[in-house]
Each structure stands twice: as structure tokens, then as C-alpha cells.
Amino acid sequence: MTCPACETPPASGPLAEAAVLLVGNPNVGKTTLFNALTGAHQRAVNAPGTTIELAVGTWALDGAEVGVADLPGAFSLDARSLDERAVAEALDQANPAAVALVVLDGTALPRSLYLLAQVIDTGRPVVGLLTMVDVARDRGLALDARSLSRAAGIPIVSADPRKRSGLQVLAAPVIAALAATRVAPRVPRVGPVSEVDVARWFAWVERVTDSLPSAAPRRTTVTDRVDRVLLHPWVGVPVFLAVMWGLFELCTRVAGPLISGIASFAGGPVADSVSSGLGWLGIGGGWFEGLVIDGILTGLGVVFSFLPLLALVFTALGVLDGSGYLARAAVVADRAMRVIGLDGRAVLPLMVGFGCNVPAIEATRVLPRARQRLIAGLLVPYTSCSARLTVYLLLAAAFFPGSAGTVIFGLYLTSVALVAIGGLAFRKLVPTNGEPERESLVLVLPPYQWPDLRTLWHSIAARLRGFMREAGAVIVIALVAMWALAAIPVRGGYGVAEVPIADSAFGVGAKAAAPALAPLGLGDWHIAAALASGFVAKEVAVGALAETYAVDGTGDGTALATRLRETLAETSGGHPRAAALAFMVFALAYTPCLATVAQMKRSLGRRWTTIGVGVQLVVAWVLGALVFQIARLL
Amino acid sequence: MHLAEVSPGREVVIGALHGTPDASSRLREIGLRPGALIRVVQRSTFGAIIVAHGFSSVALDRDTARSITVAVP
């Protein structure tokens, strides 16, 4: 029987090429299998029309290149999350000839079989891969793929995805399945599922499992013993806090020198050699050199400076996830994060955010649901990253010399409060799209294991490539645009790239924008220019102040502090400290940097990035105005 | 009796799921169905509990555990 529904054109986009779709419960080793099959020939793409990440790659199968897609982990095709819906839609809409390769966990067979029952009903040719057979055997359950295959009525082979040598057993059944034709689905795949179907699937699972040897009584495992400590009512929380502290240190203390090292390498030796190279070619000096060095090269320097930090954070998160600790973190932090409507695991990206927002946005991928990832991604920019500290330090030292520490601590508390309030607000703002709004904690805890480093490396490499390709372009283009604004003369008859900042398009724009900052006590073009530059990066804002005042921003910054005090005394009508507070609060709440925006666009999509950036500006302005108006009365 | 009242180490059989339809479906899908034999392994932070079912461990928050009635086998 052929399938009339299959006459519909196959899905365009990333899934069109996929001939094999990997399906399975979360944490069954699907991604390990994907890496074993495709090796380095893979990339991360978004499922059509969503920001749900899929990995696609090619598998050298019997001399042919076969497209493979790694679909998100799912318990059911009766989708209760956007990720599960993406799996259901992929099975429904991908290339009609594509085979579903379902990974079955030998230690949790009923759960795997329930999903398998639904996948079989999609009408696609199905091949099963039984894994964890050795673990099940160690625990007293002898499974064999042949009897399982007979009972389930589909070809099933067994292999360990971590040992790629054994995976040849997949070749014959997959090749045979590729030659088969899809039959009509028994159940409409996307949409609500009837209780009759659910009962039929459960009955099928019971029939299949009844034909297999029954499991020995459960013994206490190493995982149980470790969990006695890590999930202990009292010990669990301090361990979790220690892990979070380690993550924070990694993003600040370890990554900080790496970032500034690369940035100064790009701005120093690399810029010098490019400059002399341009001179040698006879096109040095003038605006072209400015464009290359200050625009393009600075942009590339920014892109590359994030790579070690991203790699470090992805490695740390990959180890936490692959080892099984991430699921425990979700349990321990569940209660605290539930207050703002987020999964316990959301603590991780938010913690990373206090180091740097850029990897933090990407780290929201640890959350299992699309809506949660979106809300966490919108909240990350309110975590006060270490770059914002440079702004706080300058202003706190200039305006609150005796109590700078208290002021900065207050800003961090404000940041935490903004995340909490933002969480409550975004819960209302972000549509549920059919996902339950408030979710109870029902979490399968994977056994602890050593993270598979090869899988980890491939996924980190794919993500870094994704960042360079997508975020990199945005960053370089925006920095070239910033350079152009500062290079184009508007007044005074200067040449291109020879104009003082005050007479450039940038300076004139800042003068026009300055009155908008008057309610914050900051109605001055130097400040407007600094905040506009701060959109690129917060540390650039300090540099921009030094540039617009034409003072040396290095050293102890005394000259700059003096000029700032003079300016704010004037703009605030005699309340410079209130204006300085407003400046710091504004710097805390508005768009952290261009790289964060680029990363938001990658993870949240264009629409939510625009909304997120807009909300940040409004929050920053309103909060800044409130702080100024209240503080000047005190 | 509901699951939150069971002390660690005890084995019980699930009677009924009284949570929302979504929550109940999720519980059934991961194997916590009426009739399933489970063991409470330990209590965890803020009233969460860990139960063993087959070879796997499942974490449930207190409200979910309260929504599951159980009986001694």
C-alpha cells in the first residue's frame, strides 16, 4: 500500500536531505549515535519555522552519502512541548522515503517502546537500535535484539553507540528500510491524540515486554549512592551552589584574560601587520585603512575573542549534561526557579550570564522546552556581566569614592531583581503555544556516566562554527557601520575619517539624542555617545567617554572622572550623584553588547530579539529616570 | 495514601493519577502508570522525592507526589 498523504511535497529546508531520522527518548545516547555515524560532517540547524536546534550530517553508508538528522529527545509524539512537536512534524513532513531510526534504551524499555509504537504508526519504515544491553545484563536483565525484533515486528539490532566499531550492524537493516515505501499513517501525527490510540500503544508495549525475560528486582546502583549525596535535602543545595560558583569563576577569572589577550592581539600585532601590509600595497593611510583596521579587523577581533569563552562554557555545560549532573541541578533548583516560572536548569545560563551574556544565551539550550529557552534567553541580558563592571567601577569611583563597593553591590542586587521581575513579566508576555504554562517537576534522572568527549567536541565545534557564521557577520557589519558613522564628517569641512568625533555623524546624532536623556539627569552628548557606543560593548562605552572628552582614559582615569563630574553636575541640576546612579542603572539594564544581540538573533529569532532589545531600552530608560528623580530628592 | 507520604525504602503500587491531564500523560509515558510497582528511594530538596521504577530513577516535586495515590502491594 502506498501513501496518498506522502504525495505532498517533502519538507524543504534542512530536513529535505535527511534519509535517516534519529528518534528516541531524552538521554538515550541518540546524539552519541549521531556523532558516531556522521563524525565531523555535521552542522546545527533550526527546525523549519522554529528556533529548535537539530543536528544534520552525512553518514557514509555502504559507499553512499546518506543524510542523517538528529531530532530532539521525546517521550511521545503526542506533543506537549515544541521540541516534541518538532519531532512529530519532522516524522510527518520529512522526505517520504526517510527511515526512522529509533534508539531503544535497554534499561528503560517500556518507555522506549511507547515512543516506538507511535513512530511505527507514522507509516515510515522503522529500524530499532537497542542500546545499554550490557548495563541491563549487569543488572540481571538478559535482552536480545532478535526476540525483541520478533515481538515488535520491526528490524531491531543492538550496538553500543559509544563503540563505533559495532555500528556496522545498522547498515543492512537501514539499507533495506531505505528501499521500503512509507505506508499511510494510522494516526494523524500532529495534533491531539485520542485515548483509544494511547490505550492501544500501551497495550502493544505490554504485549512486547511480556514476551521478554522479566527484570530482576532493582538493586542499589552507584548512581543511587551518588544521588544520596547530590540530591540530599541539605547537602544537595551547597553542592549545587559550589558547582554554580565554579561555573561563574570559569566565565570570569579563567576566561577574562583569554578574551582580553585575543582582543589586544587583534588590536596590536595583527592590526600593525595589516597596516604595514596595506602600506606595502600602496593603499595604506586614510579612510580605507581606518575601515579595515577600526571596522572590519576590530569586528573580527571581537568575534574571535569570544571563541575561547564559548568553548570553555560549552565544555563545562557539556560535561555537566553528559555526566548526568544537569538533571540533578534541575531537581535541586526547581523550587527557586519555579517562582519565576522557569525550570531549575535555568540557573545555569543565568549564572553564566553574570560572567558573559554571549555564551549564556547559547547555554539556554540546556533547557528542555522552547518556551523556557525563550524566556531564559530574554532574561539573560539583565544579568550584570563582567563588562558592565568597568562602567560601574569608573562611575562609582568618581561619584561615590567612599562607598563604591556598596553601590556596585546594589547594582548586582538590582540585576537579580530585574531577572526575577522580568521572569514574572515574560511569563505573561510569551505565548504558551500549547505548552503547559507552569510545569510540575517530573524528571527521569539519567545514570551518572563519563561524558563522551568525542561527542562533546563535535557539538562544541559545530556551535562555534555556527557562532562565527551567524553572529560573526552581524558583529562585523555593525562595527563597520559604527566606524562609518564616526568617520563621516557632517560639519566643519573635515575629510572622511579625519573628523573629530563631535563633528562626525555619530557626534551630531548623539547631540540630537541627548535631550531624551534629560529626565535621567544625563542630557549631554558625551553621555549619549558613550551609551550608544555601549551598545557595541560596555567596555567600549568607557573608551568612548575618553574619546569624546579627548582625555586619556587609561591610567587612574582622574581626568576623565573630573570631566564626568563637571558634566553631570550641569545636566542633573546639581545632583550629580543621582545622575551617576541613573547612568549605572541604565548601563545595567540596556542591551549588553552587539555580540549578545547577534547571539539572541541566533537562538531566539529576529522577532523576539527585536522585542527583547526594545524592552531593555524601555526598562533602562524608565528605571534610570525613576532612580534619578527619586535619588535627587534624597 | 499518596506518594508524598511514603517513607524512603518502601515499595508501593500506583493507584490513580490526579494531576492535570498533561501531567498525568507525562507520568504515564515515562512509565508511572496505575498498577506500576515503584520504590521511594529518597527525599530530596524542598520536598521533592526520588522514586525508582524498573531500572530508572524519576524525580517528582512534592505537589506531583501528592497527586499520585498509592497502595501497599
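Modeller: Going from the N terminus, the elements of chain B come in the order β-α-β-β-β-α-β, which gives 2 helices and 5 strands. Keep in mind that this is a predicted model. The radius of gyration of chain B is 11 Å, close to the 11 Å that the globule rule gives for 73 residues, so chain B is as compact as a globular protein of that length. Along the principal axes, the C-alpha atoms of chain B fill a box of roughly 25 × 25 × 25 Å. Of the 73 residues in chain B, 52% are buried. As for contacts in chain B with a separation of 6 or more, 55% are between residues 24 or more positions apart.

One pairing to look at inside chain B involves strand E1 (residues 11-17) and strand E5 (residues 68-71), which run antiparallel and share 4 bridges.

Now for the partner. Here 29 residues of chain B are in contact with 31 residues of chain A. On the chain A side, at least two residues each come from helix H3 (109-120), helix H8 (222-230), helix H9 (236-280), helix H11 (325-332), helix H12 (334-338) and strand E8 (442-445). Sorted by class, the side of chain A that touches chain B holds 16 nonpolar, 10 charged and 5 polar residues.

The strand in that list, E8(A), pairs with a strand of chain B: E8(A) and strand E4 (residues 56-60) of chain B are antiparallel, with 4 bridges between them. To find the pairing on screen, pick Leu445(A), which stands opposite Ser57(B) in E4(B).

Elsewhere in chain A, there's a helix pair you can look at too. Helix H16 (residues 386-399) and helix H23 (residues 576-589) of chain A pack at about 175°, their axes 10 Å apart. That angle makes H16(A) roughly antiparallel to H23(A). Among the residues that meet there are Tyr392(A) and Phe399(A) from H16(A), and Phe583(A) and Met584(A) from H23(A). By class, the contact of H16(A) with H23(A) has 10 nonpolar and 2 charged residues, and no polar ones.

Technical notes. Residues numbered from 1 in each chain as written. Chains lettered and ligands numbered in written order. Predicted model: local features only at pLDDT ≥ 70, side-chain atom pairs only at ≥ 80, totals over all residues. Rg over C-alpha atoms; globule rule 2.2 N^0.38 Å. Buried ≥ 20, exposed ≤ 12 C-beta atoms within 10 Å, placed from the backbone. Contact = placed C-beta atoms within 7 Å. Nonpolar A, V, L, I, M, F, W, Y, C, P; charged D, E, K, R; others polar. Pairing = 2+ DSSP bridges. Axes fitted to C-alpha atoms, helices over the stretch in contact; angles between N-to-C directions. Parallel < 35°, antiparallel > 145°, perpendicular 65-115°, else oblique.
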